Every structure is written in C-alpha cells, then in structure tokens.
Amino acid sequence: MATHMQACASPKNTSKRSAISLERIGLLISLVVLIVIFAMISPYFLTLDNFSNMLLSLSLIGIVSAGMTIAIASGGMDMSVGSNMALTGVIVGSMLHSGMPQGLAIAAGLLIGLLIGVCNGISIAKVKINPLITTLATMIIVRGIAFLYSNGLSFGIYGTKPTFPDFGFWGRGILFGIPVPVILMVLVVAVVYVVLTKTAFGRDVYAIGGNAEAARVCGINVERNTIWVYLIMGVLSAFAGIILASRLTAGVPSAGTGYELNAISCVVLGGASLTGGQGKVEDTLLAVLVLGVLGNGFVLLGLSSFLQDVARGLILLLSVGIDQMRQRRAA
Amino acid sequence: MATHMQACASPKNTSKRSAISLERIGLLISLVVLIVIFAMISPYFLTLDNFSNMLLSLSLIGIVSAGMTIAIASGGMDMSVGSNMALTGVIVGSMLHSGMPQGLAIAAGLLIGLLIGVCNGISIAKVKINPLITTLATMIIVRGIAFLYSNGLSFGIYGTKPTFPDFGFWGRGILFGIPVPVILMVLVVAVVYVVLTKTAFGRDVYAIGGNAEAARVCGINVERNTIWVYLIMGVLSAFAGIILASRLTAGVPSAGTGYELNAISCVVLGGASLTGGQGKVEDTLLAVLVLGVLGNGFVLLGLSSFLQDVARGLILLLSVGIDQMRQRRAA
Amino acid sequence: MACGPILRLEGVCKSFPGVQALNHVSFDVLPGEIHVLMGENGAGKSTLIKIISGVYQADQGSLFVDERPVRISSPKIARELGISTVYQELTLTPALSVAENIFMGRLPRRRNSGFVDWAALYRQTRTLLDTLAIDLDPRELVGNLSVGYRQQIEIARALSLQAKLIILDEPTAVLTDEESSKLFRNMQLLKERKVGMIYISHRMAEVLNLADRITVMRDGGKVATIAGSEANYDELVRLMVGRNIDKNRLAKHPVRRDQPFLEVDNLSQSGVVQSCSFKIYPGEILGVYGLVGSGRTELARLLFGLEKSTSGSVKLNGTPLAIRCPRDAIRAGFGFLPEERRRHGLVLKLDVSRNINLANHEYLQSGGFVRAGLEKSLAEQGVRELAIKTPNLRQLVENLSGGNQQKVILARWLTHHPQPQILILDEPTRGVDVGAKAEIHRLIKELARQGMTVLMISSDMPEVLTVSDRIMVMREGGIVGEMLQEEATEEKIIFLAAHHQVC
Amino acid sequence: APREALVGYAVMRMVDEYWGNQIEGMKQAIKESRQPIKLEIADSNNDGQACLQNALSLIGRGVKVLMVSTPDPKIGGAIMEAAKKKKIPVISSDVYIEGSYFLTHDEVKAGELMGEYAGKYFNAKFKGQKAKVAILTHAAVASQVNQRISGFKAAFTKVVPNAVYLPVMDAEGLREKGANVMADILTAHPDVNIMFGINDDITLGAASAVEARGMSAKVACFGQGGIGEASFQALLDTNSPFKATTAFMPNGHGRAVIQQYIIPLLNGKKVPAKVFSPLKVADGSNAKEFLK
Ligand SMILES: Nc1ncnc2c1ncn2[C@@H]1O[C@H](COP(=O)(O)OP(=O)(O)OP(=O)(O)O)[C@@H](O)[C@H]1O
Ligand SMILES: Nc1ncnc2c1ncn2[C@@H]1O[C@H](COP(=O)(O)OP(=O)(O)OP(=O)(O)O)[C@@H](O)[C@H]1O
Ligand SMILES: [Mg+2]
Ligand SMILES: [Mg+2]
C-alpha cells in the first residue's frame, strides 16, 4: 500500500513542485524565444549596446511597476503614478531652471511625490474611497496641477552633464558601463523584493490584500499600512519622474502618460490578481522585460507600429495562455 | 417565535433597505448641486439646447458604461471597448465609403464587435486568462488592426444626412426633438437594466461575479455565461462605434481612445467593485451624468482645461467621500 | 433496482500536490439509507464527496449511478444525475437574496422565457422555508445573515432539489442543537422517500443516532464500513484514530473567584447586544451558550474591538479598558478565534506558516525585518502541537481540509507572543474531529491551569458542559442566566436559552 | 459700451505648447486690437468626439464666431451643420473642415522646408556618405502629420537623390518615446545620418539618444514645430545634433486668426476662404530671435 501511494503521488508531486517554482514559465519561455528570434533576425540585437539601450528604455516603467506590485499586493492600485511623475518633473525642472541647487530640487520633488502618496493613502485607508476612484481622481488633479503650474510648457534643464555632481547623472549618466537609470531600477526592484519578502510590513501588505478583515482581526494596522503603501508608491513615482526629467533634460507636464496602465499590466502579467494578496516583484520584472524586449526587437526589425501592436497583443495572450494550460494540465 | 424574529429583524432590515435606495446619495447630491451652481453661473446651462448637447456628449460613454456594468458585475472588465469602437467605425466607414449599402455595413460592424467579444470571452472563460490581460491584449491587437486596415487614415462618410434611411441618422439624427444617440443610450441602459435585474442570465452574472465557484457548484454554466457577457460587451461597443462613426461622419482609427477607462470609472463610481458581484446600471448612469454635467458646465464657464481637471478630480472624491461617510455613520 | 445502490464508487484515487487525498476508495449508498462518513481532519471525506458531486475529477477509479457507469465532470452533471450537495465550505453569494441563493442556477422563469418569475421565486422559497421551518425573509440579502442561517439556506437548497442522493458535509457544524434536530427530522422524511444520503460529521452522538451504515476513512483510504446499529463510540474512535482516546472527565482545577480578571458592565450594541454584565476570573473558562442569533458572536466581537459598543464599560484587572480596535485588544492581552474562519480568520491565498504567524508580526520582526527562522519555528510548533495535517508549511491554507483550517487559527494564538492572557474562542472546535477535539479541550484546560482566562462560545452542549468552569446563557442579546459547571445540566441550559420565546 | 463679442475656440490639445502659444498670440492680438472680444476656450484633448462636443457646446453658448482645431478633419460635417443652423461662421485652424474658413500652415510645405534644409545640410556636412534617413512619427494622428513626412521625403530626395528611408517608426509624439525608439534605431542602423521627427518633442528625444551615443557629429536631427524654449535652446547648442526645425510660429498664427479672420468677421467684412500663416526655418543662426 505504501509503495502504491508513492507511485501514485510522486509524478504529480514533482510536476507540481516544479510548477510552483516556474509559475511564470510562459513569460520566461516568451522571453527566451523572443530573444532567440530577434537575435537570429537582427545581428544588432545581442549587442551589449542594444541591451543597455533596452534596459534603459524599460528602467522607468520597471521602477513604477515595482511600486505597483506593492499596491496591487495590498489589494489596491495606483492610477496617479504617471501624473505624479509629470508634476515632480515639472517642479524639479522649474526649480533647476531658476537656478536652485540640485539637492533641494530633488528633495522637493520627492516630497511632492510623498504628499501625493499620503493623500491617496488617507483617502483610501481612512475615508475608504475605492483605490481606483481615489487614484483616478488624484491622477486627474495632479496632472491638472502640473499643467497649471507649468502653463502647459516644459521647463528645460540645460547644461547638465551626465556626470555625478550634475543633474544629468540620474537620467543620462553611465556607471561601470551601465546606464544609471538601469542601476537605479535594479536597486528599486531589489529593495521592493526585500520589503515584500523579508519585512514585517511586507507580510502585513499581503495579509491586508488577501483578507483585510482577517488582517484586522490579527491586530494588523490596516489603515496605517495602507497609507504606507501609497506613500511608497508616491515616492517611487516621484523618483521615476526625476530620472525622466533628467533624461529628457526637461520637466515636461505631459510626461509619464500611460505609465499607470503599463505598470498595472506588468504586475498582472507577472501573475498577480487585482483582488490582491498576491504578486511578486521578480515576476513583475519578468513581465517588464518581456514587454521591453518586444518593443526593442520590433523597432530593430523595423516592424510597422500597427503590426507591432498586433504582435505584442498576441504574444501577451500566448505567454499567459501557456501558464494557464500548464496549470490546468497539472490540476 | 415568528413575531419576535420580525420585531428583532425589522429595525436592521429597514435601516438597510433605506441605505440601499440612497446608496449613491453622494453622486445624486453632486449632480443636483452642480446643476444648481452651473445654472446660477451660466444662463446657457439650463437651456434645452444645452441639455440636449450634454446628453448627446455622454450618450456613447453611457452605452459603453452600461455594458461595462455587466462585465464588472461578472467579476471581469473589458479594456478593448475603445479599440472595438474604432475598428467597427473604420470597417463601417470603409464599406460605406466604397458604396456598400448601409444595412450591410452596420451588420458587418456589429459582427466584428461580436467576434471581438467572443474572442475575449473564450480567452477569459475557457483559457482562463485574466480579464484585464485578455482585454488589454485585444485592445492593442484590435487597435493595431484598425490602423493597419485604414493605414492610419480615416474613412470619410460623406453626404449622409441625419434622416432615417441615411447613415447620418444614428449619430446626428433628431427624433421627437431628442438626439438619436441619446435615445439609443436610454434604450441600451433600459435593456441592460432589464437584463441585469429581471432575467436569469442577469442573476447568473451576479452569482458568477460574487462567487464563481459557488455558481459553478450550483450548476450555472460559468463559462458560457462569461462568454455571453463579453459578447454583449463587444456588440454594445460596436454599436457605440457605429454611432460614433455616424456622428463624426468618418470611421476614425484613433476613435474611442480612453473609453475603457472612462467606462470602468463610471461603473466603479456608481458603486460597483472590481471584485465583482455588484453594480447597478442605474447607478452607473448617474455617474455618467455627473461626469457629463461636469464636462459641459466647465466648458460653459470657460474654465481652463487644467483647472477643469483639478475640479473634476476633487468633485469625484467628494461625491464618493459623502457616501462613505454616510455608510460609516450608519454602520 | 430498489435494492441496488444509488451510487457506487470503485477504487477512486485522487491526489493533490504533496497529498494523496484518496487512495483506492470504494463505497456505495443504498436508497433510503443514511451512510455516514467519518474520519479525522484531512482523512479525505470532503474530497470524496467533491468527486461524487463533480467538483473534482478522480485520478483513477470508476463511479456508478444506479449501476450505470458515469463520468461526473461538473456539478451540473451531478445535479442532473440527481445528486445534490451541501458543501463544508459555504457556497453562497452574499450580494444575492436568500431566494436567489436557494434557486441559484435554476431560477423559475416566466413561460420558459429568460425572465425570472420573481413572484414564483419568492412563493416557492417561502413554501420551502416554511416546510423546513426556517424563519427567514426570502428577500433578505445573504450577506447580512449569520453563519447559522447561511447553513440553513444551504440545506434548504440541497433539499429542494428533489434529488435521489443528498450529500451533507458537516451540516451541523454551525447549527445549534435545535436547528440540527430540525434537519434530522427532515432527513427522516427523505429516508421514507427512499432518498439516499451521505452524511459527514464529527459529532459522535449524531452519527450513532442517524447512521444506517458508517464508513470510516483514514489517510485517504477506507478503513472499514460497519452497520450503524453495531457501532459504538470507542470502536469508531479506534477505527478513525487508530488508538483509544482518553475521554475521562478532564481534571478540574480550582478557580479563585475573588479578583475578577475581566469585568464587563452593561455592554450594549444597539439591537444586538443588550446590557451585558459579567465577570471572568483569572484562569477561568467561561462557556457561553445560546441559540442562533442570540448575540454571542456580537458580544465577542465587541469585546475584541471589532465593533463599537453603544454603551457600557470593560475593566481588565480592575483598570478600565478603552479598546477601539483589535490591535488594542491584542495589546491588552486578548486573543480571538472568530466564528467564521474563512471570512474573519484566514487569508486563504497565503500559506500555513504565514497564517499561523498572522498576529505575530510585531514579535517576529527585528528592525522591521522578519526573523525567518523564528517564523518557521513558530509555525512548526503550531503544526506540531495541533497536529495540523499539511504536506509542508508552504501549503496554501485554502488547500487544507476544514478542520485543519480551524486548527491553524488556534495555532495562531498558541504560538502568539506574548502569550494572550485571555482567549475569546467563538466555536473553537467547529469542524474538528473527535480526537483533535479532545486534544483541544485538554489544551484549553491546560492553558487555563497555567492562568489563562478563556471565554468560550459554543453551540456544542457537551463541550460547554465538560470544558467550562462556569456557564453563561444568552438570549436575544442579553445574558439570561449563569451557573457553575457543577450545577449545570443540559435541561437547565436549554430552558434558559429557549424559554420565553414570546416577546 | 458695446456687449462683448463671444468667440469660441475648440482647441485640439491645450497641453501641447503649440496650441498654448497660439492662444497666447490670439490673446495678445485681441488686447492690441482693443476690440470687445471675449475668447472662450474648450480643450478637446486630441479626441475627435470631444472636439465635436466642445464645438457644439460653444455654439450652444451663442458664440459669434467659432474656431476649431480638430484632431481629425472628417468630423467637421457635424460641426458645420450645427453652425450653419445658427449662422455662425466657422474658422478651422490647421486641420481643414469642409466649408469653413481655413487658417493653416501648409503642412506639405513645412515638411518640404525641412527636407530641403536637411538635404543641403547633408550635402555640406556628410559629403560622400550614403544618406540614410530615420523618420519618427505619431501614428495615432497619422492623417494629420503624414503630409509633413511626404513633403520632407519629396524635398530631401530632390536634393539627395539616392537617399535610403528606413521604415517610419511610431514615437507616439513623446520625447521619451523619441529617445527610446531612436536609441534602438541607432543600434540597428549605426549608419543613420539623418533623422526627421514630425514634431520637436520626438526630435528632441531622438537628439538626446544620439547625444547619449556620442554620435552627435554623425547624425543630424530635424524637427517640426519650433515651439517652446527647448527647441531653440537645442538649436543654439552647437554640440546638439538637433540642427533645424520648421517654426510654425504659433504666436504669429494666433495673431493672424484674430487679425485676418475674427475681427473682419465680427465687423461683417468679407474674408478669404483660406489664409496661410507664416512658416520659417529655424536653426542655430536665427534661434535667438525666437527666444525673444
Ligand atoms: N485543492 C486542494 N489542494 C491540495 N490539497 C488538498 C486540496 N483539497 C484537499 N486537499 C488535501 O487533501 C486532504 C483531504 O482533505 P479533505 O478536505 O478531503 O479532508 P476531510 O476529511 O474533509 O477533513 P475535515 O474533517 O477537516 O473536513 C487534506 O490533506 C487536504 O489538505
Ligand atoms: N452583518 C449582519 N447584518 C445584520 N444582522 C446581523 C449581522 N450579523 C449578525 N446579525 C444578527 O445579529 C444577531 C446576533 O448575531 P450573532 O452572530 O451575534 O449571534 P450568535 O449567538 O453568535 O449566533 P450564531 O450561533 O448564529 O453565531 C442575529 O439576529 C443576527 O442575525
Ligand atoms: Mg472536510
Ligand atoms: Mg455565533
């Protein structure tokens, strides 16, 4: 009998265990297949230069998506990230434009982001307004303020060099041969990873997202933690906004449009659910990478932008489809 | 025993029931207050002409939001509505452009919408890909196809008059002094209301959205119903796309952008939750109205679009905030 | 045909990752028979019935209905075959009405159109509820009802299907004795109509009363099937657990009743809890009994800061307490096991370790970081002490059997640091098997002896009678009586709980 | 005092500097004219339907003259219909609406100006190389900007006959996208030497990518718009690969509307069906003038 049990159980067992560690195998397969295909078609694809480019272009969405993973894990979301980036960029840009020191400008930018985050957090946690509605409202408001403040114009940030003491460093600098925004993204992802998996706050976030009522019963301070979630999100968005301003050598009030949806898609593509309680920042990063490789490869191939869209959509469906098929076969 | 229960239960009951009828009091208050304010500031606001305009401007988002209420009640959402509108418009436009009969063109448009819906439905219900990801992918794909098909250009539909046998009727016609799109919106909302509240399908949708596993266990065909939900959504989007094409006298491949998010916001603003199982089309309509009045009033007041944004965001927060306060006071 | 089994299973196997839930189980149900399934938590009972009702597919083995081989690939097909089920985990949709939940998936329609015939729906529901003596408004939203009522709705749904096989997975776990006996009466009627029934319960008394046959399972396999008339308590326990359990009266320890530990004075919440005043002494186990809706759960939630009281005060060790939220309560030394484990107790999508440590985040951290080793060892301790059946600590709680889920919440407070001074347990052994139940009772006693104060709400009369030092009875939100364990009898308690039913 | 004459403007997208500056120019011209004109602005945010709606709202408000810059030319039918009913003259700005008075830049001409300039620049600076041209567009508004591209190509080909054009890529009209896409193009085609963007935002982004590659001497970027400080600052910077742009001079454009259309129309005068507003090539040599 015991032997039989073994026989019955073992094949299933291993298949499932591998399934757990390879939850996002579909994305991984997509990533590898895409890289192989692009490498075969375009000789430029596998160059260091190109990889550095590609990573640079996805660094900002990477930062924002990392933050979004926390928000979604907590059972919410943040639609105001793009506007936040814009307002921060504009404020930092205008301050630098008028000759203020870099440190002050950056601090002011981060503070703005923090404030937006806290407002979101209070509205969601205390007033209990749905996160989508709250952040949609702040998205509109903050974008409006960015335009009001700048009167629709950009603040050029001139003469900054991509070396450290200058503002250009953050968006255009190179360190150890790697673009600075890429390094910053890796840092942010690493920090978010540690926060989500190693800290008590991270534990609280998953509990709140999974079942806020149970979390409350267990003495978790749901309100305070939720405010923290949006505060972090706000600061990360501001951070991304500052890097973007540095990259563009301008604070642009229309910057960051569409980041919110992109970031949410990456998180969900990474396997999280909008009902909360789930989500891993490493999987989000994988999704960001897939989308980044796609965008980069398509341009290298010179694919028309309309065809790009169609292909991108199909590949999205395929990668998630693979996972679903596997999981169902396993079940 | 029975009497006791009655006595005990009734206070809870009634308090609850009154809360239900006034659930969206915040929105209602906003609506009334806004109307009063706008009427006081602008003499044009309360004219019939203006109201007809305003309703006209919100008729399409009204139609799409009505459909979105079903999708969200079923526990999903549909991001592809805007692209669907665009593709339908382009196809219908091109067919009319090349002289095909109106009936055929409209039928083809609706069929396209239906197909998109069915694809969404199958991917969500059968392949079990997350609704957000599925419809985001089709959103990109369908938009790409619209651009590919039209090569980025619009198909002008010239010389159609807003009288019935002509295509112009659907978007620009007037019936009993009311713009036709408004009448169509009212019809759609009424049908959706009946579907959601009076039909077995509607109740199944709530059951599925509320607890899909329970619905399945009770013998509800979750998959088939889900496919139907997206099919309906697809047809309604196509319908909106056709009206839009008629209004714009052109099939425009970039039409309908942003409808998805607007519609989702209206449904959530109307009190539904993205976790599903809730949502009333009449509340959605209320939210659509509030946003419509806001947009219209701001233009009448000549408010700068940046200030408009700020004001709109604040009013959104306020209306939902009021409801939350009330509910918490009641609880 | 009348004597052939309605349902027969042969060599059914089912495995989940890391768990062989069913291992070559064969089993049958005859018309008009109540076939009881017994076994420890996680023995595979629920899995078995889920295979019969089409929720899961067997990996191996065959099913026969009326001796015809069938493939039950969905719950819908099971229904069509005349099988109807009350699941262990409630399957109601809170946003819909009582009537809609009962007739979910088969709402009456107007002249075969797609339109719901609301009048007929409410009429049929009314009739059904009346015949089952369930006092509920068909239009009430299920979300507003307590678990007891919800369970009755589930039962009503299953019984209304006119099935030839009805499966009941721990239906009485959340019912009080009176509600249970209503169910038993209905089961007798069904029996006369030759309906077959599979009945799962951990309540030995019920089982011995009802069963025509009893099948005992252990570790996914069938141990034995015996006739109900031949079964006795010790025999069944031995079959289930593989050993005898010590059902000697648990040793009593003296409680000093001079300085109350917790003093509750005139605590009220409008309409639900009415001027409750009572005291609990250190190391005392105060049992609270009452019928469905008597306000016990509400009282517990008030004490724990989950609801706001409209008036009244609470003193701990003589000092007034201001508890605004569960956090305050936990800081003050409270621990709370909620009545509805899935709604208030567990984060289903998180694993066993996380769930056990859910209330322990503050203790586990050092400088904000979770001490992973400590977290793991606490979880291991919880799993060990309560013998939680799980393949590993990373298993999602969602995948545990009902009884094991309950144990996870208990483990949470046993491993909590600092150790709670007072535990509020709302139906602590709901869904827990006999062996584990005895173990938990012993544990509660042991904790009390070490000085922990326990407020134990229970609808399980023997539990109330044996475990409590003192017993309090509630009715209509108020406390209607109180007695020491020595003075307590079942009759006295029932009398207090149910008497004066007229307003 | 006479009642203020209400003039409505359904503007395409106020967030673009172009339209902001145009409105600025209109306001200045109104002030200078000392006429009692009140300007009402409604922003369509690049949405055809919103534009239509705004136009109808403005008509409902009783404007004396309606001005529209629509994201898509073919939605004009409905606007004209409503305006005709109330006998309100309609001016279309930049994008033609059938039956309206049309104030515009010649889009083809704008492209041609840059094509010619870029061709000459190429012959002067990159003599002996093969011309390889990257073009970045904003696909969503293709119907509006395609003329710029065709104008550019035609004029450039005239000067540099055997130029190679890479497939037109979408940069969504955004600076960030311009930078990302250009970086990728430079990888795939390191021998690109001419870049043309349908607006300055894209071109500025692309220029920053070129700079980041250290290819400023090898690639020249050409834009369209000449709006806002950023473009002109870049043109002034000799190290920047951004060499020239067609200045659309929105400010002058705005002034032209007021002076050549609105004031005459309000005074019941006859006006021409079409007015071209001025275009000018801006490069390092004259950028200072634009910065005031
Ligand atoms: N979906 C699932 N995934 C993984 N394991 C599962 C799943 N469902 C059940 N199990 C495991 O299968 C075993 C049998 O579970 P089952 O629910 O049948 O037990 P049970 O006899 O009903 O117990 P209880 O008396 O506690 O309800 C348990 O070990 C459980 O953890
Ligand atoms: N969320 C709710 N909305 C409305 N009424 C409720 C709600 N929760 C409980 N009630 C009602 O309040 C009363 C007290 O319920 P409570 O759950 O405290 O009783 P109980 O004695 O614990 O009974 P049970 O055995 O059902 O748990 C009951 O009439 C119940 O129906
Ligand atoms: Mg079970
Ligand atoms: Mg209770």
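1. C:Glu339 counts as buried, because its relative accessibility is 16% (buried means under 20% relative accessible area, exposed over 50%, partly exposed in between, with a 1.4 Å probe and protein chains only). The model is predicted: local features need pLDDT of at least 70, side-chain atom pairs count only at pLDDT 80 or more, and totals for chains, interfaces and linings use all residues. Residues are numbered from 1 along each chain, chains are lettered from A and ligands numbered from 1 in the order written, and side-chain values use heavy atoms, without hydrogens and water.

2. C:Glu339 (OE) also coordinates the magnesium ion (ligand 4), together with C:Thr297 (OG1), at 1.9 to 2.3 Å. Donors are N, O and S atoms within 2.8 Å of the metal (3.2 Å for Na, K and Ca); water is not among the atoms, so sites may look incomplete.

3. The pair links distant parts of chain C, 42 residues apart. C:Thr297 sits in helix H9 (residues 296-303). C:Glu339 is in the loop between strand S16 (334-337) and helix H11 (341-345). Helices (H or I, at least four residues) and strands (E, at least two) are DSSP runs, numbered from the N terminus.

4. Ligand 2 lies between chains B and C. Around ligand 2 are 13 residues (a heavy atom within 4 Å). C:Thr297 and C:Glu339 are among the closest. H9(C) gives the largest share of this shell, three residues.

5. Which atom of C:Gly295 lies 2.9 Å from an oxygen atom of ligand 2? It is a backbone N or O atom. For C:Thr297, a polar side-chain atom lies 2.4 Å from an oxygen atom of ligand 2.

Technical notes
A polar contact is a pair of N or O atoms within 3.5 Å; within protein, one must be able to donate a hydrogen and the other to accept it, and residues adjacent in sequence count only if both atoms are side-chain atoms.
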